[in-house]
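Biologist: I have a structure open and would like to go through it with you. Can you put it up on your side too?

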Amino acid sequence: MISNIVTPLLVMTGLGLFFGVVLAYALKILKIEVNPTVFKILSKLPGSNCGACGKAGCAGFAEALKNKEAMLSACLVSNDEARRSIAEILGVEFNPKIRTTAVSLCNGGKNAKDKYAYNGIKSCKAASLVFGGQKECGFGCLGFGDCARVCPFGAIKMTSGGLPEVDAAKCTACGNCVRACPKNLFELIPIERKYYVKCSSMDTGNIVIKACKSGCIACMKCEKVCPVGAIKVESNLSRINYLKCQDMGKCFEVCPTKVIARR
Amino acid sequence: MNGMSAYLTIFISTVFVNNFILSRFLGLCPFIGVSKQIKPALSMGIAVTFVTTMAALITWPIYNFILIPYGLEYLRTIVFILVIASFVQFVEIVIQKKTPSLYKAFGIYLALITTNCAVLGVTVLNTDTFFVSGAAVAGSFIKSVVQGFGAGAGFTLAMILMAGIRERLEFADVPGCFKDIPITFIVASLMSLAFLGFSGFKI
C-alpha cells in the first residue's frame with residue numbers, strides 16, 4: 001500500500017534528478033561565452049530589430065560592430081546619445097550624424113487625374129505593374145499605402161487626399177518606405193530642414209498641368225527667388241540642396257502650384 | 001501487415017488521414033502564430049519534426065522500462081513533459097555550442113516547441129496505439145518513431161500549405177473586421193474540412 005505512494009515519488013524524483021544533472025552538466029561543459037562587449041553594445045541599441053543595417057537584428061549588428069565589420073552609422077534608428085556611448089565602448093571616435101526623416105515627394109493624390117480605372121490588388125507594387133499605375137502622371141503616388149504598411153513605427157498614415165503623411169516625430173529614417181515605394185517617392189532629408197519639393201515629375205510643364213493640379217511645372221520662380229542658390233530646376237523639376245538651404249521659405253511663398261511644402 | 005508496409009501505412013495515415021493539425025487539432029498555436037510566411041513556417045516545421053521524432057525515440061524506452069514495470073502508466077503525461085522539456089533544452093545547449101549556424105536557423109522555434117501539445121500528443125498517442133494491455137506490440141519501438149516522424153511531417157505540410165495561402169491572403173480584399181487572424185481561422189477550418197476527405201464521414 002505504502003509503495004503506491006513511495007514508488008511514483010522515487011521514480012519522479014529519480015527522473016527529475018537525472019535530467020537536472022544532465023542539463024546542469026551539459027551547461028557547464030558546453031558553456032557559451034557571450035562577449036561582454038557585444039552584450040554592452042546590444043543594451044545601447046534600439047532593439048527594434050528593423051534590419052535597416054543589413055544585419056540579422058540588433059544582436060547581429062552588435063556582433064558586427066565588435067568585429068569591426070559594420071559602421072556605427074549603419075544603424076538608422078539609434079540616436080546620437082546611444083551612438084556616442086557605443087563609440088565609447090568600441091573605443092572609436094564619434095561623428096554625430098545628421099538625423100534625417102522621410103518625406104514623400106508627391107502632392108498628387110486626388111489632385112492628379114487617373115488614366116484608367118484600376119480594380120486590381122490594392123497594392124502600389126501591383127498597380128505599378130499595369131502600365132505604370134493608374135495615374136496619368138507616371139511619377140506620382142498611386143495611393144494604396146504600401147509605405148504605410150511597411151513602416152515598422154507607424155509613422156506613415158494615408159490621408160483622405162490619397163497621399164501618405166509622415167509623422168516626423170515617429171519617423172526613425174529606417175528607410176523601409178524608401179525601398180517599398182515603386183515610384184521612389186520617399187527621401188530622407190535632414191530633420192531641421194522645413195521645406196521640400198513635393199513633386200517628382202520630370203515631365204515638362206504643359207504635360208504636368210494636364211495630369212495634375214499640383215505638380216512642378218518648372219517655372220523657375222523658386223530658383224530666381226532663392227538668395228542662397230539652394231534651389232535649382234533640373235530636368236523640369238525643382239530640387240533643393242539641403243546643405244545650402246537656410247529655411248527662409250521664399251520658394252514656398254512664390255511657388256504658383258504650391259508644390260513646395262512646409263512641415 | 002508487417003515490415004515496410006506497416007511503417008508506410010503508419011506514416012501516410014499520420015501525415016494525411018490523421019494530420020496532427022487539421023484532423024487532431026494539436027499544435028494550433030504555431031499553426032496560427034508562425035504561418036505568415038513560408039520560410040519561418042518551414043523552419044518551425046523542421047524543428048517540430050526533429051523534436052517529435054526524438055521525443056518518440058526517448059519516451060518509448062522510458063515508458064516501457066520504467067513506467068510499465070512499476071505500474072505507473074498514469075504518470076505518463078507529467079513524465080513525458082519532463083522528458084521532452086529537458087531534451088529540448090539539452091539539444092538547444094548542444095547545437096548552440098557545436099553548430100551555431102543550425103542554432104540560428106532554428107532560432108526561437110526550438111524553445112517554443114518545449115511545451116507544444118503536438119509533441120506531447122505524439123508520445124501519448126504512441127503509448128495508446130502501440131501498447132496493448134501494458135505490453136509493447138511487435139515492432140512498436142520503430143512504429144513509434146515512424147509515427148513521431150510522420151506527425152512532424154504532417155505538421156510541416158499543414159504549416160506550409162497555410163503559409164502559402166496566407167501569403168496570398170495579404171493581397172485579398174478582406175472585409176476590415178475579418179482581416180488577419182479571423183480570416184485565418186476561416187481558412188484553417190476550410191483546410192480541415194478538405195483533410196476530412198482523407199478519412200471520410202462515418203455515420
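This is a predicted model: local features need pLDDT of at least 70, side-chain atom pairs count only at pLDDT 80 or more; totals for chains, interfaces and linings use all residues.

Biologist: Start with chain B. How many helices and strands does chain B have?

Modeller: Chain B has nine helices and two strands. Reading from the N terminus, the order is α-α-α-α-α-α-α-β-β-α-α.

Biologist: And what share of chain B is buried?

Modeller: Of the 203 residues in chain B, 34% are buried. As for contacts in chain B with a separation of 6 or more, 78% of them link residues 24 or more positions apart.

Biologist: Now the interface. How many residues of chain A are in contact with chain B?

Modeller: On chain A there are 17, and they are in contact with 15 residues of chain B. Helix 1 of chain A, residues 2–29, supplies the largest share of the chain A side, with 11 residues. By class, the chain A side has 13 nonpolar, three polar and one charged.

Biologist: Moving on to helix 2 of chain A. Which residues are buried there?

Modeller: In helix 2, residues 36–44 of chain A, the buried ones are Ile41(A), Leu42(A) and Lys44(A). These three lie on the same side of helix 2 of chain A, because they cover an arc of only 160 degrees around the axis.

Biologist: What is exposed on the other side of that helix?

Modeller: Pro36(A) and Phe39(A) are exposed on the other side of helix 2 of chain A.

Biologist: What covers the buried residues?

Modeller: The cover includes helix 3 (57–66) and helix 4 (80–90) of chain A.

Biologist: Take helix 4, then. Are helix 2 and helix 4 of chain A roughly parallel or roughly antiparallel?

Modeller: The axes of helix 2 and helix 4 of chain A cross at roughly 170 degrees and come within 9 Å. Angles over 145 degrees count as roughly antiparallel, so helix 2 and helix 4 of chain A are roughly antiparallel to each other.

Biologist: Which residues meet there?

Modeller: From helix 2 of chain A, Thr37(A), Lys40(A), Ile41(A) and Lys44(A) meet Ala82(A), Ser85(A), Ile86(A) and Ile89(A) of helix 4 of chain A. The contact between helix 2 and helix 4 of chain A has four nonpolar, two polar and two charged residues.

Biologist: Buried or exposed, Asn184(A)?

Modeller: Asn184(A) is exposed, because 11 other C-beta atoms lie within 10 Å and the cut-off for exposed is 12 or fewer.

Biologist: And Ser235(A), where is that found?

Modeller: Ser235(A) is in the loop between strand 6 (231–234) and strand 7 (237–240) of chain A. Phi of Ser235(A) is also positive, near 50 degrees. With 10 C-beta neighbours inside 10 Å, Ser235(A) counts as exposed.

Biologist: Last one, Ala112(A). Where does Ala112(A) sit?

Modeller: Ala112(A) sits in the loop between strand 1 (100–104) and helix 5 (124–128) of chain A. Ala112(A) is buried, with 27 other C-beta atoms within 10 Å.

Biologist: What is Ala112(A) in contact with, leaving aside its neighbours within four places in sequence?

Modeller: The contacts of Ala112(A) beyond those neighbours are Lys135(A), Glu136(A), Cys137(A), Gly140(A), Ala211(A) and Cys212(A). Lys210(A) is 98 residues from Ala112(A) in sequence, and the two are 9.1 Å apart in space, C-alpha to C-alpha.

Methods. Residues are numbered from 1 along each chain as its sequence is written. Chains are lettered from A and ligands numbered from 1 in the order in which they are written. Helices (H or I, at least four residues) and strands (E, at least two) are DSSP runs, numbered from the N terminus. A residue is buried if 20 or more other C-beta atoms lie within 10 Å of its own, exposed if 12 or fewer, and partly exposed in between; C-beta atoms are placed from the backbone. Two residues are in contact if their C-beta atoms, placed from the backbone, lie within 7 Å. Ala, Val, Leu, Ile, Met, Phe, Trp, Tyr, Cys and Pro count as nonpolar, Asp, Glu, Lys and Arg as charged, and the others, Gly among them, as polar. The arc is that of the directions from the helix axis to the C-beta atoms. Axes are lines fitted to C-alpha atoms, for helices over the stretch in contact, and angles run from 0 to 180 degrees between N-to-C directions. Angles under 35 degrees count as roughly parallel, over 145 as roughly antiparallel, 65 to 115 as roughly perpendicular and the rest as oblique.
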